[in-house]
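Please open the structure in your viewer and keep the sequence beside it. We will go from stop to stop, selecting a few residues each time.

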Amino acid sequence: MSFYQPTAGLLHALGFVAFASPPRQQRYSRASACGQETIVLYDDQELTLLEVVNGQMLYNFQGRVASEAEFRVLLRQVNWAAEPSSFP
């Protein structure tokens, strides 16, 4: 089965910026109202959503999604902006 991972273009449109990461990973982060939101993409099509709020690391999600629509639903479920219009 093939799983979906967001493209660098989509993540950039959502306000994420690429950061250095270990081999077989891609990391993207953006500022939030009270911290930092990070998405880690893995070579095996898994992804992790992490959030730092007021200096504390919160774990939000680790797994796989089937489509861009499911990815956007996931972002909304963890209260992250999921539309490009949310960013300048």
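This is a predicted model: local features need pLDDT of at least 70, side-chain atom pairs count only at pLDDT 80 or more; totals for chains, interfaces and linings use all residues.

Residues are numbered from 1 along each chain as its sequence is written, and side-chain values use heavy atoms, with hydrogens and water left out.

**Stop one: the core.** Select Ile39, Leu47, Leu49, Phe71 and Leu75, which touch the most other members of the 18-residue largest nonpolar core. Such a core is a set of buried Ala, Val, Leu, Ile, Met, Phe, Trp, Tyr and Cys residues joined through side-chain atoms within 4.5 Å; buried means under 20% relative accessible area, exposed over 50%, partly exposed in between (1.4 Å probe, protein chains only).

**Stop two: the rings.** Now show Tyr4 and Phe71, both buried. Rings of Phe, Tyr and Trp (its six-membered ring) pair if their centres lie within 6.5 Å; planes under 30 degrees apart count as stacked, over 60 as edge-to-face and the rest as tilted. The structure holds two such pairs. With centres 6.3 Å apart and planes at 50°, Tyr4 and Phe71 are tilted. Next, pick Phe16 and Trp80, also a tilted pair, at 6.2 Å centre to centre and 40° between the planes.

Finally, click Glu46, which counts as buried because its relative accessibility is 17%.
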